[in-house]
Amino acid sequence: MKKVMGALLLALGVMSVAQAADVVRIGFQKGGGLALMIKKNGSLERALAPTGVSVKWIEFPAGPQMLEALNAGSVDFGSTGAPPPIFSQAAGADLVYVAAEPPPVSGEAIIVKADSPIRSVADLRGKKVAFQRGSGSHLLLVAALEKAGLGIRDIQATYLPPAEARAAFEAGAIDAWVIWDPYLAAAQHVYRPRVIADRTGLLPAYGFYLASRKLVERSPATLSTVLEQFAATGQWANTHQKEMIEMMAPQVGVPKEVIATWLGRAHAGTMPITPDVAASQQKVADLLYKEKVIPRPVTIAGHVWTWKPKRP
C-alpha cells in the first residue's frame, strides 16, 4: 500500500511539474500594438500564473510567416488580417478562428510616389506593384483591382516583405506599394506618397485571432484568458492613446508622430466570431479563389471556436 501511495504521489508530483512547465507560445507582429502592450506590462503572465502556464512571445515580420509557424506547431496563438489564415487553409493548415477585431479602413492602402503619373487603381495595369503575399494588403489589392475591372494578372505582382518593399519603393524599383500600419504611417511621414485606394467601399476584412486546434481542444481556459487580456488591453488602448504612443515608439522603433498617425485610425474591439463575421471571411475566401489567388476553395465553417467573454 505504501508503495502504491508513493507511486501515486510521485505521479502527481510529475504531473504538477509538467503543468507548471506548460507554455503558451504567442506570435506577434512588429505592428501588433495590443500584443506589444501585453508583452511589456506582463498582464498575461500574471493572469496565467495561478494555472502554472507561462508565456513565450515570438516576433514575426508579417502574418503569413506567423501562420506558417502555427501550422508547424511552433506557435499556439497569433493575430493577423483576413487573408493569411485563408492562404494557410488553402495549403492544408488546420487552424482555428477564435476571435476577431473590427475591419480596418484607412490603416492599409495602395500608395504611389507623389510625382507618379498613376492616379487610380485602373492606372496600375501593367505596373509593378509590391506587397506581402498572403497578407491583408494582398486582399486589398485584389479587391481594389476587381472593383476597377482588373485582375491580379493585369499587373506585375512583386512579392516583397515590408522592409524590402520599402527599399524598392524608395529606389523607384516599383510603381506602387500596398502596405499596412505602422509601415504605411512611416512611409507617409517620410515620402508623402499619394494614396490611390484604401479599404473604403471594399469588402470588409476583419482582423483575426488564430489558435492551433491543439490549444483549443486541450486548453480552452488558457485560450479564454489570453483573449480576455487582449480584449481588456484593447479597451484601455482606445482611451489611452498618449500612453500607447509612449510605450510603442521605442518598442516599434519609429518616431512618436508615426505611432500617433497609426493609432489615430485604429480601433480595438476583440469580439467572438459571430455568424456574420464568419460569413464575411467566407466571402474573402471566395473572392481569393475566384481570382485564382488560392489553389482551392476554402471553407470557414468547422474552423471556428466560440469564445464566451466574461461579462464585466
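**Figure 1. The largest nonpolar core of the predicted model.** In this predicted model, the largest nonpolar core holds 51 residues, and the members that touch the most others are Ile110, Leu124, Leu141, Phe208 and Leu288. Helix H6, which spans residues 136–147, contributes the largest share of this core, with seven residues. In soluble globular proteins, nonpolar side chains tend to be buried together.

**Figure 2. The surroundings of Leu124.** Leu124 is among the residues that touch the most other members of the largest nonpolar core. When its neighbours within four places in sequence are left aside, Leu124 is in contact with Ile110, Ile118, Val129, Leu141, Asp154, Ile155, Ala176 and Ile196. Two of these partners, Ile110 and Leu141, are themselves named with Leu124 as residues touching the most other members of that core.

**Figure 3. The chain as a whole.** The chain contains 13 helices and ten strands, and its C-alpha atoms fill a box of roughly 85 × 45 × 35 Å along the principal axes. The radius of gyration is 21 Å, which agrees with the value near 20 Å that a compact globule of 312 residues would have. Of the 312 residues, 51% count as buried, while the accessible surface comes to about 14,700 Å², with 56% of that area belonging to carbon and sulfur atoms. Among contacts in the chain with a separation of 6 or more, 80% are accounted for by residues 24 or more positions apart.

**Figure 4. Arg166 in helix H7.** Arg166 is found in helix H7, which covers residues 162–171, and is partly exposed, with a relative accessible area of 29%. Apart from its neighbours within four places in sequence, Arg166 is in contact with Trp177, Ala186, Val190 and Tyr191. Although Arg166 and Ile179 are 13 residues apart along the chain, their C-alpha atoms are separated by 9.3 Å.

Figure 5. Asp181 and Pro182 are joined by a cis peptide bond, for which omega is about 5°. Pro182 is found in the loop between strand S8 (176–180) and helix H8 (183–191). Arg192 is placed in the loop between H8 and strand S9 (194–197). Arg192 has a positive phi of about 50° although it is not a glycine, and it counts as exposed because its relative accessibility is 59%, against a cut-off of over 50%.

**Figure 6. Lys292 in the segment after helix H13.** Lys292 lies in the segment that comes after helix H13 (275–290). The backbone of Lys292 has a positive phi of about 60°, although this residue is not a glycine. With a relative accessibility of 61%, Lys292 counts as exposed.

**Figure 7. Gly253 in the loop between helices H11 and H12.** Gly253 lies in the loop between helix H11 (241–252) and helix H12 (256–264). The relative accessible area of Gly253 is 60%, so this residue is exposed. Gly253 and Ala211 are 42 residues apart in sequence, and the distance between them in space is 28 Å from C-alpha to C-alpha.

Key: Residues are numbered from 1 along each chain as its sequence is written. This is a predicted model: local features need pLDDT of at least 70, side-chain atom pairs count only at pLDDT 80 or more; totals for chains, interfaces and linings use all residues. Side-chain values use heavy atoms; hydrogens and water are left out. A nonpolar core is a set of buried Ala, Val, Leu, Ile, Met, Phe, Trp, Tyr and Cys residues joined through side-chain atoms within 4.5 Å. Buried means under 20% relative accessible area, exposed over 50%, partly exposed in between (1.4 Å probe, protein chains only). Helices (H or I, at least four residues) and strands (E, at least two) are DSSP runs, numbered from the N terminus. Contact means heavy atoms within 4.5 Å. The radius of gyration is taken over C-alpha atoms; the globule rule is 2.2 Å times the number of residues to the power 0.38. Accessible areas come from the Shrake-Rupley method with a 1.4 Å probe; for residues, only the protein chains shown count as cover.
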